Amino acid sequence: MNYAHYPKNFKAIPSPCYVLEEEKLERNCKLLHSIEEATGTKILVALKGFALWRSFDLIKQYLSGITASGLYEARLGYETFGKEITTFSPAYKQEEMQELLKISNHIIFNSFLQWQTFKPMIQAQNKLNQATSQPLISVGLRLNPLYSEVTPEIYNPCIQGSRLGINPTEFQKGVKKYGLEGIEGLHFHTHCEQNSDALKRTLKHFEKHFHQWIPQMRWINFGGGHHITRKDYDITLLKRLLVDFKNKYSTQIYLEPGEAVGWQSGFLIGSVIDIVKNGMEIAILDVSAAAHMPDCLEMPYRPRVRNSFKAKIDKKSKTLKGKEKYCYRFGGPTCLAGDIIGDYSFKEPLKIGDRVIFEDMIHYTIVKNNTFNGVPLPSIGVIHKDGSFKLYHQYNYEDYKQRNS
């Protein structure tokens, strides 16, 4: 493999390794920050999608804070990012709330019952905060506008029977029974890798069901899943939607992308460790779809590989065919028969020891990976803007052992 166009110490990168590309991350952050400045919207990093905290010194120069899905993410954001901390969970435990009260600026509930359960604790904490001149905790409710264009269903929070968000009927019942005293914000999260036209259609449903309560709120959180840093994203439409909504209701808007922050800002590098034949050439890597990039199997999708082209089974010959001569199926090192990454073609034949780069593998990988079969977790590092590589963390046997007992 020709390494001439890679970073100057590319060969020093261990295999496998998630590699953040600092220049690309900063480009994403600058774009998101320009939307903040143009619209007055506050943009938060969703740690459920991007929690590479050693990069937060860069990100916090541009964005307003983080959004967490529970105590550990909130704590990570508090310790390493600072600024605003928004926390939402489908349900909180008593001991979790005791800790969250100390570090969260916004706490969003998934039901009126949870809000009423923890209301006395929040009121008590706010009295203490007020006495010590600390910011008050602002409380919100997550809503289900009964509309989402997300597929597959595993990612759709508005399907029949969804546990996420209060639907319009239940919201009206809750308002009637408990009122909205103490509620300052509303939140919906119905997007996944979508353009701003999906937001435009979603807002119609959100306003249709909840318009009478929106003017009472200090803030509205439009959630995540907005693919803002993707090349074909309609930023002009997004800005118009944000400004129009803000002017209409005189409220602070929040967006909480995770994927858009880390979008195409790094890769996962692995190595060919064996090549076997079974009607085709099968390259077994030290990278696993099941363990290291599980979204490839959940969505599912075929990740892009640098310097390769797609291959597929030819119906007549029953063999792999692609744009280039040398075709391989990539498989992982686990015992799962379906640990298949995809089919690829190359100009030159692969050899044992060759490096393979899976593009765009920083978001929703590090936060979701696992040690199934005892397969080691990839290391984590960064390519700085000057082209130098720095290793952030390397996992070992003790990391695996401690996870299992």
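Is Lys 351 buried, partly exposed or exposed, and what is its relative accessible area? Lys 351 is partly exposed, with a relative accessible area of 47%; buried denotes under 20% relative accessible area, exposed over 50% and partly exposed the range in between (1.4 Å probe, protein chains only). The structure is a predicted model, in which local features need pLDDT of at least 70 and side-chain atom pairs count only at pLDDT 80 or more, whereas totals for chains, interfaces and linings use all residues. Residues are numbered from 1 along each chain as its sequence is written, and side-chain values use heavy atoms, with hydrogens and water left out.

The side chain of Lys 351 meets that of Asp 354 in a salt bridge with an N to O distance of 3.6 Å, a salt bridge being a side-chain nitrogen of Lys or Arg within 4 Å of a carboxyl oxygen of Asp or Glu. Asp 354 has 8% relative accessibility and therefore counts as buried. The structure holds 18 salt bridges. Among them is the pair formed by Asp 57 and Lys 60, whose closest N and O atoms are 3.4 Å apart. Asp 57 counts as exposed at 52% relative accessibility, and Lys 60 is partly exposed at 29%. A further salt bridge joins Arg 75 to Glu 79, with the closest N and O atoms 2.8 Å apart. Both residues belong to helix α3 (residues 71–80) and are separated by four residues, about one turn of the helix; helices (H or I, at least four residues) and strands (E, at least two) are DSSP runs, numbered from the N terminus. Arg 75 is partly exposed at 49% relative accessibility, while Glu 79 is exposed at 51%.

In soluble globular proteins, nonpolar side chains tend to be buried together. In the present model, the largest nonpolar core has 88 residues, and those with the most contacts inside it are Ile 59, Phe 171, Phe 330 and Phe 358. A nonpolar core is here a set of buried Ala, Val, Leu, Ile, Met, Phe, Trp, Tyr and Cys residues joined through side-chain atoms within 4.5 Å. Helix α8 (residues 235–249) supplies the largest share of this core, six residues. A second, separate core of nine residues includes Phe 10, Val 19, Phe 267 and Ile 357. When neighbours within four places in sequence are left aside, the residues in contact with Phe 330 (heavy atoms within 4.5 Å) include Ala 283, Leu 285, Val 305, Tyr 344, Phe 346 and Phe 358.

The count of aromatic pairs comes to 20, where rings of Phe, Tyr and Trp (its six-membered ring) pair if their centres lie within 6.5 Å, and planes under 30 degrees apart count as stacked, over 60 as edge-to-face and the rest as tilted. The rings of Tyr 92 and Phe 109 have centres 5.4 Å apart and planes at 75°, so the pair is edge-to-face. Tyr 92 lies in the loop between β4 (84–88) and α4 (94–103) and Phe 109 in strand β5 (residues 106–109), so the pair ties together parts that are 17 residues apart in sequence. Tyr 92 and Phe 109 are both buried. Phe 222 and Phe 245 form another edge-to-face pair, at 5.1 Å centre to centre and 85° between the planes. This pair links distant parts of the chain, with Phe 222 in the loop between β8 (219–221) and α8 and Phe 245 in helix α8, 23 residues apart; both residues are buried. Ring pairs also connect Phe 222 and Phe 245 into a cluster that includes Phe 112, Phe 171, Trp 213 and Tyr 249.

Several backbone features were also identified. A cis peptide bond with omega of about 0° joins Ser 15 and Pro 16, the latter in the segment before β1 (17–21). The peptide bond from Thr 151 to Pro 152 is likewise cis, with omega near 0°, and Pro 152 is placed in the loop between β6 (138–142) and α6 (168–178). Tyr 364, a residue other than glycine, has a positive phi near 55° and lies in the loop between β16 (355–359) and β17 (379–383). Asn 373 has a positive phi of about 70° although it is not a glycine; Asn 373 is located in the loop between β16 and β17 and is partly exposed, with a relative accessible area of 41%.
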